[in-house]
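Biologist: I would like to go through this model and hear what stands behind each term you use. Where do we begin?

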Amino acid sequence: MFSRSLASSFLRQAARPAAAASRAPLSAFRAPISPLTPFQIRLLSDTTRTAIDKAIASAPVVLFMKGTPETPQCGFSRAVIQILGIQGVSPEKFAAFNVLEDPELRAGIKEYSDWPTIPQLYVDKQFVGGCDILVSMHQNGDLQKLFEEQKVLVEGEEGEKKE
Amino acid sequence: MASITEASLREAITQRLGAIHVEVTDMSGGCGQAFTSLIVSPQFEDLKSLKRHRLVNTALKDEIAAIHAWTAKCQTPQEWEKEKDTAAPSLDGTVGGHVEGTSQ
């Protein structure tokens with residue numbers, strides 16, 4: 001399932017090189033449903049945590065968002081996608097996960113990052129921030145610096161600089 | 001929890017974060033689901049952006065969990081002094097000051 005979604009995201013990338021790839025929900029979230037004890041309900045399950053670990057490691061730049069890069073379902077997610085586009089993040093180094101497709105991911109990522117809102121951006125497995133932080137890092141040049149250091153920008157093309 | 005309003009958030013921020021200046025704007029178009037804020041507090045001194053937001057998120061944990069969208073601009077008194085005339089809550093991610101998809 002994961003591979004199928006990968007294949008389709010590559011097709012989409014090929015068709016729309018500027019657009020970022022999006023991937024289907026994490027396969028681990030399709031684990032057989034077993035009755036949860038109150039203890040398990042309160043804590044991020046190991047399965048979810050492992051699935052999020054994998055998601056974060058799936059690309060150098062990983063965004064948890066509402067909707068897909070092509071059709072964001074929330075203004076904050078859209079703003080972050082636009083910023084990543086302006087910066088020139090390479091689609092090959094980018095993965096997006098739609099939390100609206102997966103209630104467990106939607107709740108789990110908040111606890112995992114200790115961050116109450118979505119979108120959330122990870123670069124090199126490190127939590128960078130949400131929309132507010134990314135907007136200010138975009139404006140003050142920190143984001144460009146980070147992306148250049150991590151070598152995640154489209155080669156031969158400097159990210160458009162914002163005054 | 002009692003319903004969250006601009007005033008209740010302003011009071012919570014002032015009390016819990018020792019803010020010397022707070023602006024809170026409801027950007028949901030009135031349904032009380034989306035707020036943007038400017039918070040000026042000496043507690044942000046020497047903290048990077050991520051740490052400042054984490055401080056706010058912790059102080060307003062229950063409030064933020066209960067609403068749909070939350071945006072904060074966190075400044076120290078010194079930073080605010082410099083751009084006092086122009087500083088205002090961020091409207092990034094909104095359309096004309098309103099946030100889309102509040103039904104999600």
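Modeller: With what counts as an element: helices are DSSP runs of H or I with at least four residues, and strands are runs of E with at least two, numbered from the N terminus. On that basis chain A has 7 helices and 4 strands. The model is a predicted one.

Biologist: In what order do the elements of chain A run?

Modeller: From the N terminus on, the order is α-α-α-β-α-β-α-β-β-α-α.

Biologist: What makes strand 1 and strand 3 of chain A a pair?

Modeller: Two strands pair if DSSP finds at least two bridges between them. Strand 1 (residues 61-65) and strand 3 of chain A are joined by 4 bridges, so they pair, and they run antiparallel. One of the residues involved is Leu63(A), whose bridge partner in strand 3 is Leu121(A).

Biologist: What makes strand 3 and strand 4 of chain A a pair?

Modeller: The cut-off is again at least two bridges. Here there are 3, so strand 3 and strand 4 (residues 126-129) of chain A pair, also antiparallel. Tyr122(A) has Phe127(A) as its bridge partner in strand 4. The two strands form a hairpin with 2 residues between them, and Asp124(A) in the turn has a positive phi of about 50°.

Biologist: Why are both faces of strand 3 of chain A called covered?

Modeller: A residue is buried if 20 or more other C-beta atoms lie within 10 Å of its own. Gln120(A) and Tyr122(A) on one side are buried, and so are Leu121(A) and Val123(A) on the other; therefore both faces count as covered. In chain A, 44% of the 163 residues count as buried.

Biologist: Which residues touch the most other members of the largest nonpolar core?

Modeller: Val62(A), Val80(A), Leu134(A) and Ile39(B) do, in a core of 62 residues. Helix 4 (residues 75-87) of chain A gives the most to this core, with 6 residues.

Biologist: How do you know that Leu134(A) touches Leu121(A)?

Modeller: Contact requires C-beta atoms within 7 Å. Leu121(A) is among the residues that Leu134(A) touches, so the pair meets that cut-off. Others include Val80(A), Ile83(A) and Leu143(A), with residues up to four places away in sequence not counted.

Biologist: How many residues does the contact between the chains take from each?

Modeller: Chain B supplies 20 residues and chain A supplies 16. Strand 3 of chain B gives the most to its side, with 5 residues. The side of chain B divides into 8 nonpolar, 9 polar and 3 charged residues.

Definitions and conventions: Residues are numbered from 1 along each chain as its sequence is written. Chains are lettered from A and ligands numbered from 1 in the order in which they are written. This is a predicted model: local features need pLDDT of at least 70, side-chain atom pairs count only at pLDDT 80 or more; totals for chains, interfaces and linings use all residues. A nonpolar core is a set of buried Ala, Val, Leu, Ile, Met, Phe, Trp, Tyr and Cys residues joined through C-beta atoms within 7 Å. A residue is buried if 20 or more other C-beta atoms lie within 10 Å of its own, exposed if 12 or fewer, and partly exposed in between; C-beta atoms are placed from the backbone. Two residues are in contact if their C-beta atoms, placed from the backbone, lie within 7 Å. Ala, Val, Leu, Ile, Met, Phe, Trp, Tyr, Cys and Pro count as nonpolar, Asp, Glu, Lys and Arg as charged, and the others, Gly among them, as polar.
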